[in-house]
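Dear colleague,

Please find the structure below, together with the sequence it belongs to. My notes on what was found in it follow directly after.

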Amino acid sequence: MNDSEIKALISLLDDEDQEVVQHVEKRIRQIGGQMIPYLESEWEGSFNAGLQKRIEELIHDLQYQSVLERMQTWKNGGAMDLLEGLWVVATYQYPDLSLDKLRQDLEQLYYEVWLEVKTDMHPVDQVRALNNVFFNKLKFAANTKHFHSPANSMINQVLETRRGNPISLCVIYMLVANKIGLPIYGVNLPNLFVLTYKAPAGVQFYINVFNRGLVFSKNDIDHYIAQLNLKQADMFYQPCSNLDIIRRMLRNLTLSFEKNSDAERVKEVERILDSIKDDEDTLPLSDYSNKS
């Protein structure tokens, strides 16, 4: 369809015949996201509140469909780029967010850290140096005041405010650490996402980024799991996949919207999560305690 045909189609959204309107809405959805700029233009030029509301709903539906498609494409492509997965999650609330802008923001963090963390340092000293830059210079910190805010699951918001939940702080910390060559990966603990430094030479320890980069050991995890009355599982000690991280991020987002009593968004995020679930994905880990 050319511009004039698209504009003529959109103008029929204001038709008095509801069958015509329903047919037009269906056609717009079939065409997809390319209709959004035209819908936005129609919204801006309208003084009809009912039409504006209809357009807003259409735009939301089209943007949401784009999120679902991007997430599926990311998963089907092997979920190789964690930042891209985080970007897709954030576009649920920030549809115009630029992936290139996120890469630039992380590149700036990398330069800050690269100056302080040396390859010839002992692994624990490398983490201490990284902690110093991350928490003291760059001012990242736990968002304990608004722990259940959906913004904690939006990487652009965490990069801007320097406040996040366990997993969002961990992924930024990990992305920067990986960029400077440190073997740091995510670990799926119940109620708390942490990192592990796992070198090929056999060195392995853990990092609690939510607690300002506290370094701890396997014995500490043993004790933590025992306190929760859970059986030990390999996933509580070893690196998880990028797909695991995005699933956990989406679970956190679902719980955030539940805390805000936003049932519609809960359903939408659950649908995104369902689209990237595997049959064996049965343990609903999140960063939230059942009591919180």
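Asp105 is partly exposed, with a relative accessible area of 25%, where partly exposed covers the range between buried, under 20% relative accessible area, and exposed, over 50%, using a 1.4 Å probe and protein chains only. Asp105 is found in helix 6, helices being DSSP runs of H or I with at least four residues and strands being E runs of at least two, both numbered from the N terminus. The C-alpha atoms of Asp105 and Arg247 are separated by 23 Å, and these residues are 142 apart along the chain.

Please keep in mind that this is a predicted model, in which local features need pLDDT of at least 70 and side-chain atom pairs count only at pLDDT 80 or more, while totals for chains, interfaces and linings use all residues. Residues are numbered from 1 along each chain as its sequence is written, and side-chain values use heavy atoms, with hydrogens and water left out.

Helix 6 (residues 99-114) packs against helix 9 (residues 166-179) at an angle of about 65 degrees, with the axes 9 Å apart; axes are lines fitted to C-alpha atoms, for helices over the stretch in contact, and angles run from 0 to 180 degrees between N-to-C directions. Helix 6 contributes Leu106, Glu107, Leu109, Tyr110 and Val113 to the contact, and helix 9 contributes Ile172, Leu175, Val176 and Lys179, contact meaning heavy atoms within 4.5 Å.

Which residues touch the most other members of the largest nonpolar core? They are Ile172, Tyr173 and Ile184, in a core of 68 residues, where a nonpolar core is a set of buried Ala, Val, Leu, Ile, Met, Phe, Trp, Tyr and Cys residues joined through side-chain atoms within 4.5 Å. Helix 9 gives the most to this core, with ten residues. Leaving aside residues up to four places away in sequence, Ile172 touches several residues, among them Leu106, Leu109, Phe134 and Phe140.

Two loop residues also deserve a look. Arg162, in the loop between helix 8 (155-161) and strand 2 (163-164), has a positive phi of about 65 degrees although it is not a glycine, and Arg162 is partly exposed, with a relative accessible area of 23%. Ser261, found in the loop between helix 11 (242-259) and helix 12 (263-275), likewise has a positive phi, near 55 degrees, and counts as exposed at 66% relative accessibility.

With best wishes
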